[in-house]
Amino acid sequence: MKTFKIALIPGDGIGPEVVAEGVKVLRTIEQLDPSISFSFTEFPWGCEYYLKHGKMMADDGIEQLKEFDAIYLGAVGYPGVPDHISLWDLLLRIRKEFDQYVNIRPITLLNPELTPLKGKTAKEIDFLVIRENSEGEYAGAGDWLFKGKPEEVVLQTGVFSRKGTERIIRYAYEEARNSKRTLTSISKANALNYSMVFWDEVFNEVGKEYPDVKTYSYLVDAASLYFVTEPERFEVVVTSNLFGDILTDIGAAITGGMGLATGANVNPERKFPSMFEPVHGSAPDISGKGIANPIAAIWSVSQVMDFFGEEQWGEAILSTIKEILTEQPSLTSDLGGNSSTSQVGDRFVDLLSAKVSEVGVSQE
Ligand SMILES: NC(=O)c1ccc[n+]([C@@H]2O[C@H](COP(=O)([O-])OP(=O)(O)OC[C@H]3O[C@@H](n4cnc5c(N)ncnc54)[C@H](O)[C@@H]3O)[C@@H](O)[C@H]2O)c1
């Protein structure tokens, strides 16, 4: 029996609503597969915690999280707490302290009807964005001088270290090589004349070790255009923290919206726990209404299972997502359905259970 220890941080707004459905899926896996069990520990951290305690997480929060195999997070941020505090003091803190320097975001069209792009098929929208997740434009370096004075100046410095740039680019080359896909680097060396010139140089240098990987290099403005007009150009993409953040929202838009986008924050060396989360935020506009789409959070569970080496379950979840996406009434309103968040979760686990009892899950 394998037991995986999972830390749950449901967070704010719709975070707890969608995480509950992901946990429902994990509980179902436990029932269906006697070789797997999970232990869950829930942490109440987030904006409500901040309003009570003046901090987003416990002082020894990082220490407490260290012992887990994975962290499953909902969303963080809520009106009443400045977004830069909620983001920096919880989410970015975990990403940085645990050196989760790889952010993996699949841009995969799971149902052709969900793309707003005319005439694009599932085959044409199927790629992986690997985003640098530890430094770059989100390094938090800068200054705020002469605050409130006429000569006020703010500096936000992008930090691109050789170690940080090389390791993310190398990770992407490995991914492209192992999956026999092309690799596209997205940067902006014409305008960002230090950081992105360096990025491009490192991309070419590391590429010498991977002559079998076919590569492309685009400026981020052109890449934004191609994400919409010719997504079939992309197979594996590597890019910086900020560009990856923005581009993957375009990726979400072309594959069915925020309710379907997921992302893994990975420490590849497994020295620290990795963190899995839907890409969307806490959606205060719909929180508490029971209409949040839980599929992105359920897709995160598929990524968790892959990460645990239980790829057969990752695959079973993904194919069940494809199946539920064909049943419009079983979906939430953002996808044109009329089900509640928990009804989607209930239907999902029914479909997953039926699939597994019909074809089984291969135990490799
Ligand atoms: N990873 C994170 O925790 C994360 C990411 C982005 C934003 N945020 C925070 O979330 C808060 C709200 O930010 P925002 O409004 O810019 O982004 P958001 O992703 O919360 O919402 C954007 C839009 O998408 C919709 N949406 C998002 N998730 C959905 C889902 N699962 N089902 C159906 N509709 C969904 C929302 O209703 C909203 O209209 C802010 O405090 C922000 O800082 C957190």
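At what angle do helix α7 and helix α8 pack, and how far apart are their axes? The first view below answers this for the predicted model.

**View 1. Packing of helix α7 (residues 220-229) with helix α8 (residues 241-254) in the predicted model.** The two helices pack at an angle of about 15 degrees, and their axes are 9 Å apart. Angles under 35 degrees count as roughly parallel, and α7 and α8 are therefore roughly parallel to each other. The crossing in which α7 passes α8 is right-handed.

**View 2. Residues in the contact of α7 with α8.** From α7 come V220, A223, S224, F227 and V228. Their partners in α8 are F243, L247, I250, G251 and I254. By class, this contact of α7 with α8 holds 8 nonpolar and 2 polar residues, and no charged ones.

**View 3. Crossing of helix α1 (residues 15-32) and helix α9 (residues 295-307).** The axes of α1 and α9 come within 8 Å and cross at roughly 40 degrees. The two helices are therefore oblique to each other. Their crossing is right-handed.

**View 4. Residues in the contact of α1 with α9.** On the α1 side are V18, V19, E21, G22, V25 and L26. These meet A297, I298, S300 and V301 in α9. The residues of the contact of α1 with α9 comprise 7 nonpolar, 2 polar and 1 charged.

**View 5. Domain 1 and domain 2.** Domain 1 takes in residues 1-104 together with 261-364, while domain 2 spans 116-254. The C-alpha centres of the two domains lie 25 Å apart. Where they touch, 14 residues of domain 1 are in contact with 16 residues of domain 2.

**View 6. The side of domain 1 that touches domain 2.** Two or more residues on this side are given by each of the elements α4 (83-97) and β4 (102-108). Helix α4 gives the most, with 4 residues. The residues of this side of domain 1 divide into 8 nonpolar, 3 polar and 3 charged.

**View 7. The annotated stretch, residues 5-348.** An unreviewed UniProt entry annotates these residues as "domain: Isopropylmalate dehydrogenase-like". Over residues 5-348 the chain is 39% helix and 22% strand. The end C-alpha atoms of this stretch are 23 Å apart.

Notes: Residues numbered from 1 in each chain as written. Predicted model: local features only at pLDDT ≥ 70, side-chain atom pairs only at ≥ 80, totals over all residues. Axes fitted to C-alpha atoms, helices over the stretch in contact; angles between N-to-C directions. Parallel < 35°, antiparallel > 145°, perpendicular 65-115°, else oblique. Left-handed = near helix turned anticlockwise from the far one by under 90°. Contact = placed C-beta atoms within 7 Å. Nonpolar A, V, L, I, M, F, W, Y, C, P; charged D, E, K, R; others polar. Domains from an automatic or database assignment. UniProt positions renumbered as here; feature names shortened; annotations may be inferred.
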